[in-house]
Amino acid sequence: MQFSPPRAPRTRGALRLPPIPALLGAALLAAQGPTPASPSRPDAASVIEVHPCRQLRADRTTAPERQLTWSGQWSTAHASWRDAVGPALGHRPESDGAREVALEELAIVSWNMQGGGGDIDSLIHDIRRGRVHGAPRPDFVLLVQEAVRIGTDVPERPVAGSKVGKRVAPGVQGRRRQSIDEVARRNGLHLFYVPSVRNGGAADPAEDRGNAILSSVPLDDLEAIELPLERERRVAVAARIRTRSATGDSVAVQLVNLHLDLRSSWGRVHRSLGAARAEQARSTVERFTGDSVVVVGGDLNTWFRGHREDAVRILREAFPHADTVTTTRTLSTPAFLPDLTLDHLFFRLPGGMSATHAVLGDRYGSDHYPVAAQLRPRALR
């Protein structure tokens, strides 16, 4: 089936080096506000901890196979950030029958919802009704960055000595913030959410923000991965879903959701031009080597060189099975600044499969445009 997303936002001509004027770099760096105390480099050896994943509501049965668990690879360098956030969240809707979906019928969308302020319900509605992929897609995965969790799971106040992130608010005035657990419940979706940072300090509401995977099909093998620390704690989330190929074979698909750092701490600010994001991308690739089927999506914050940055190259070389590279601008910026290509999807697929993806033309109330993909046999290209 032909993939026909809404018309992509207007693009400008290709940029020449230097691709981003110094004014843009200064504006983006300044927009991040004051830097917390400069973090130390992550320890070479991390501690592995395995925890039960807190349920959003009780399952009807307590059978062991229905219990969600997750693994987290933690570094002592991130401890002061973890002290200010709540636990990871996992949710299974009541009708969560373990089923396999056709790989080529699976819709995949990556989107930064701007501090929980994007209209994610409308995006989900459009995916299901066929306004995104050209035909209704009941089976889909959403890789969401800057998801926000609100409520009693988040500490009422950050503990003394902990670190917090700058508060990210919805870009649309008056927009109600969407708590990611509420989104999963009302849309009947599976959820894995891990907070990266507290969304604001003691004077702000009790919220944390991070990456989430929302899926119409069950999520298994949940994993949280702290990326090398540059300025602000970043945690990638991963999960597996079960699919079937066109020949009826069972195919496990590894989903990975990333949000890389915009810049490094002031003591290493030169790394903001790409080296920091390249290291974070490389650490992700090292976790998912081999020939397994992998889909990686996220906001790479590649503001300096866009799709030409090393972080994009590293991920594309490791997960090469896409028909095109995203070059359309995915971030809406003020009129005096150019738009930027920050958001991407990458794929490692079974033989004979490829991925077509495009930037959607509606931001759904965020400052980022979603990137949507469809998988299909190469013979149909």
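## What covers helix H6

The buried residues of H6 have a cover that includes strand S12 (250–259), helix H5, strand S13 (293–299) and strand S14 (343–348). Keep in mind that this is a predicted model.

Which residues of H6 are buried? They are Ala311, Val312, Ile314, Leu315 and Ala318. These residues span an arc of only 165 degrees around the axis, so they lie on the same side of H6.

## How H5 and H6 pack

Now look at one of those covering elements, H5. Helix H5 (residues 275–287) packs against helix H6 (residues 310–318) at an angle of about 15 degrees, and their axes are 8 Å apart. Angles under 35 degrees count as roughly parallel, and H5 and H6 are therefore roughly parallel to each other. Their crossing is right-handed.

On the H5 side, the contact is made by Arg277, Ala278, Ala281, Arg282 and Val285; on the H6 side, by Asp310, Ala311, Ile314, Leu315 and Ala318. What kinds of residues are in the contact of H5 with H6? Seven are nonpolar, three are charged and none is polar.

## The wider picture

Stepping back, the protein has six helices and 16 strands. Of its 381 residues, 57% count as buried. Among contacts between residues at least 6 apart in sequence, 76% join residues at least 24 apart.

Definitions and conventions
Residues are numbered from 1 along each chain as its sequence is written. This is a predicted model: local features need pLDDT of at least 70, side-chain atom pairs count only at pLDDT 80 or more; totals for chains, interfaces and linings use all residues. Side-chain values use heavy atoms; hydrogens and water are left out. Axes are lines fitted to C-alpha atoms, for helices over the stretch in contact, and angles run from 0 to 180 degrees between N-to-C directions. Helices (H or I, at least four residues) and strands (E, at least two) are DSSP runs, numbered from the N terminus. Angles under 35 degrees count as roughly parallel, over 145 as roughly antiparallel, 65 to 115 as roughly perpendicular and the rest as oblique. A crossing is left-handed if the near helix is turned anticlockwise from the far one by less than a right angle, and right-handed if clockwise. Contact means heavy atoms within 4.5 Å. Ala, Val, Leu, Ile, Met, Phe, Trp, Tyr, Cys and Pro count as nonpolar, Asp, Glu, Lys and Arg as charged, and the others, Gly among them, as polar. Buried means under 20% relative accessible area, exposed over 50%, partly exposed in between (1.4 Å probe, protein chains only). The arc is that of the directions from the helix axis to the C-beta atoms.
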